[in-house]
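Dear colleague,

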Amino acid sequence: MNLLISNGRVVDPSQNLDRAADVLIEDGLVAKIGPGLKAPKGVATIDAAGCIVIPGLVDLHTHLREPGQEHKETIRTGTEAAVAGGYTSVCAMANTTPPNDERPVTEMIVAEAQRNGVCRVYPIGAVSKGLAGLELSEMADLRGAGCVAFSDDGKPVTNSKLMRAALEYARMLGAPVIAHEEDAFLAEGAVMHEGYYSTLLGMKGAPAAGEEILTSRDIHLVELTGGRLHVAHLSTVGAIEAVRRAKSRGLAVTCEATPHHIALTDEAVQSFSTDLKMNPPLRSEAHRRALLEAIKDGTIDVIATDHAPHHPDEKRVEFDLAPFGVIGLETAFAVCHEVLVKSKTIKLAQLVDLMSTRPARTFNLPGGTLKPGSAGDVAVIDLDGATEFASFRSRSHNSPWRGRTLGTRVVATVVGGVVRFDGRPSPAVEGKSRPQAARARGARR
Amino acid sequence: MRSQATALRSKDLLGIEPLSPEEISLILDTAEGFREVSERPIKKVPTLRGQLVINLFMEASTRTRVSFEIAEKRLSADTLSFSASGSSVEKGETLIDTAQNLMAMQPDMIVIRHRHPGSPKMLADLLPASIINAGDGAHEHPTQALLDAFTIREKFGRLAGVNVSIIGDIAHSRVVRSNIHLLTKMKANVTLAAPPTLMPAEIEKMGVRVVHSLDEALEGADVVMMLRIQLERQSKTTFPSLREYFNTFGLTPERLRRANDGAIVMHPGPMNRGVEISSDVADGPYSVILEQVTNGVAVRMAVLYLLAGGHLQES
């Protein structure tokens with residue numbers, strides 16, 4: 001629970017900090033930041049020379065698949081993937097089996113995360129019972145058990161009356177509703193973005209208009225209800241415009257974009273690789289450029305992974321038949337650093353803001369900052385390093401970047417002052433050996 | 001127009017899109033030579049003797065399957081055809097498993113028809129056998145486009161500059177996609193006509209003219225290619241009724257008068273008489289529909305021969 005991270009470049013947008021400094025964590029909390037800090041007796045040190053030291057990444061959109069789909073991912077493997085990618089907190093989506101629509105499911109997730117998770121796990125409760133879109137789940141009970149937000153993610157809430165009720169009810173609970181925005185009729189049977197490439201490939205496409213229609217509807221419902229809306233995985237020009245307008249009118253609307261929508265377009269689907277099939281689908285270059293603009297101007301609050309593991313057997317089928325979703329926790333920072341920072345679209349501090357500070361603030365979670373007194377959640381990343389994504393800690397490997405080597409390397413991930421991922425070549429921490437990544441599994445928080 | 005290529009670059013024929021104009025000409029020129037085989041009293045050459053060709057038809061087909069089988073037999077290949085019904089596919093076997101099991105029996109070529117786009121490519125990436133796409137969803141149907149081109153070339157002596165109008169269910173048609181690739185590569189002029197509900201997004205980027213009027217499409221056309229209304233794929237939101245479809249886009253002898261003198265009418269089949277084409281046209285003097293079918297055998301013989309490593313022989 002006590003740890004000194006020395007000699008790094010501390011980048012913390014929450015306090016406008018970008019300078020060489022040491023970070024001392026005591027009792028799981030950040031105690032001090034400053035130059036030349038000394039490790040108290042018996043406190044281990046991570047030498048972060050040449051690395052950035054940032055508040056641990058926070059993912060607002062993770063599918064951990066447990067309970068019920070443990071062949072795809074478990075809370076243990078999913079959180080191991082998270083810390084390998086520099087994440088210290090993940091929000092677990094509700095579409096498990098059974099879905100997280102009742103207190104016992106939430107309690108099970110919280111308990112399993114305590115027992116076997118290696119980072120913080122915040123459950124997201126279902127908006128509707130059974131994700132069926134018909135009646136509200138017991139949202140207050142779910143909130144009491146630890147849910148931080150509500151979503152039927154994977155499915156849009158097609159019934160406007162139910163969405164209105166969800167926004168109103170969640171407002172009373174001080175929690176946002178996360179919306180997967182898609183007009184179910186327009187997207188019927190679709191497996192990719194509707195455009196030139198769906199025409200070329202003869203595949204059924206989902207038009208951008210479908211996302212824009214539901215995003216606009218929900219913004220109008222925010223106006224009606226005073227509720228809090230968080231738009232998941234924004235991917236189209238029109239949806240971005242709608243959110244931008246809503247923000248300019250002061251409505252309580254936030255949104256996220258995924259690394260894959262920022263980095264890739266539907267052109268890539270010509271390979272028919274099922275690791276490029278997700279929902280919303282990869283859009284055209286014009287939509288991707290609009291996302292980059294929206295990241296620059298601050299319309300996009302958060303980068304979230306939509307980490308969606310699927311077993312290789314499920315993905316090794318015809319494109320039409322494969323399930324939607326790609327994993328993202330391990331690659332997210334590397335991909336975003338390459339596409340956003342190396343390209344000089346945004347500065348490093350802004351990336352940290354998008355992946356840590358603002359996500360934490362958006363759902364009102366601990367972390368996202370290294371201010372003294374806050375959670376000792378830290379990622380140490382070597383920007384000059386490289387990571388070969390030959391294999392994954394996630395139980396699934398449905399990544400568009402499988403087999404690729406990307407710049408940046410996570411050197412260590414610290415959750416509550418405990419090293420949960422150690423990417424250093426050999427145990428080099430003073431005092432005693434630190435758990436290697438594989439051994440970190442058994443570690444307790 | 002003689003081809004410059006003497007062999008195909010790929011082991012597979014997955015579509016027209018990856019082919020060069022020279023490869024297309026090579027296939028068409030090779031087919032010329034094979035057409036004569038079908039006119040002999042003994043319609044067989046020993047070219048593919050000892051080679052095993054499996055026809056994997058996971059979706060209904062009459063014309064294409066029979067045509068491939070005849071082409072294979074005329075080349076003396078050992079052939080075996082099977083369809084999804086009555087096979088392990090009905091027991092839930094995946095396409096990859098089916099294909100790997102077939103591969104274990106060491107075929108030299110697999111001809112595949114499948115309802116999902118990209119499935120021939122899946123097999124081609126995985127198996128050493130030559131894969132021939134006999135239609136994958138609404139993606140490609142390369143041998144159909146080749147036989148259409150063969151038929152057009154036969155009638156007009158060329159493809160470049162020929163005005164081809166393709167009319168009907170563009171959205172669901174693999175035939176149209178392969179034809180657009182082929183005809184634009186060979187410098188023909190392509191016009192598409194359909195109600196907007198049957199016209200897929202941004203298809204004009206493929207280098208074609210898009211209109212929504214049959215008369216406009218027929219004006220100045222040398223080739224009128226009618227596409228089948230795929231009744232099984234229509235929802236009630238694509239057009240109001242078959243009656244209205246026929247009244248707006250159905251080809252009749254009167255409307256065909258707008259086409260150029262000497263225009264030909266084609267249809268990849270199967271036809272819905274009275275829906276996209278009247279019987280007067282289908283059976284009329286301009287129709288080359290049955291010649292297309294005849295030419296299909298020669299074109300498929302050429303494809304099989306070239307993929308087996310054959311070269312164009314100057315005779």
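The notes below go through a pocket, the cavities, a pair of helices and some backbone details.

Please bear in mind throughout that this is a predicted model.

I begin with the second largest pocket, which has a volume of about 460 Å³. Its lining is made up of 23 residues, and those closest to the centre of the pocket are S273(A), T274(A), K315(A) and R316(A), together with M122(B). At least two lining residues each are supplied by helix 10 of chain A, residues 312-315, and by helix 4 of chain B, residues 119-126; helix 4 of chain B gives the largest share of the lining, with 4 residues. Within chain A, domain 1 (3-53 + 373-443) and domain 2 (56-362) each contribute at least three residues to the lining of this pocket. By residue class, the lining of the second largest pocket consists of 8 nonpolar, 8 polar and 7 charged residues.

The lining of the largest cavity divides into 5 nonpolar, 3 polar and 5 charged residues.

As for helix packing, the axes of helix 11 (residues 332-342) and helix 12 (residues 348-362), both of chain A, come within 10 Å and cross at roughly 140°. Because angles over 145 degrees count as roughly antiparallel and those from 65 to 115 as roughly perpendicular, helix 11 of chain A is classed as oblique to helix 12 of chain A. The crossing of these two helices of chain A, helix 11 and helix 12, is right-handed.

Finally, some points of backbone geometry may deserve a look on your side. In chain A, the peptide bond that joins T97(A) and P98(A) is cis, with omega about 0°, and P98(A) sits in the loop between strand 7 (87-92) and helix 2 (103-116) of chain A. In chain B, a cis peptide bond runs from G269(B) to P270(B), with omega near -10°, and P270(B) is placed in the loop between strand 9 (264-266) and helix 10 (279-282) of chain B. S76(B), although not a glycine, has a positive phi of about 70°; this residue, S76(B), belongs to the loop between helix 2 (63-74) and strand 2 (78-83) of chain B.

With best regards

Terms used
Residues are numbered from 1 along each chain as its sequence is written. Chains are lettered from A and ligands numbered from 1 in the order in which they are written. This is a predicted model: local features need pLDDT of at least 70, side-chain atom pairs count only at pLDDT 80 or more; totals for chains, interfaces and linings use all residues. Side-chain values use heavy atoms; hydrogens and water are left out. On a 1 Å grid over the protein atoms alone, a cavity is a set of points where a 1.4 Å probe fits but cannot get out, and a pocket is an open set with protein on both sides within 12 Å along at least five of seven lines; lining residues have an atom within 4 Å of a point. Grid points are joined across faces, edges and corners, and a volume is the space filled by probe spheres set on the points. Ala, Val, Leu, Ile, Met, Phe, Trp, Tyr, Cys and Pro count as nonpolar, Asp, Glu, Lys and Arg as charged, and the others, Gly among them, as polar. Domain bounds come from an automatic or database domain assignment. Axes are lines fitted to C-alpha atoms, for helices over the stretch in contact, and angles run from 0 to 180 degrees between N-to-C directions. Angles under 35 degrees count as roughly parallel, over 145 as roughly antiparallel, 65 to 115 as roughly perpendicular and the rest as oblique. A crossing is left-handed if the near helix is turned anticlockwise from the far one by less than a right angle, and right-handed if clockwise.
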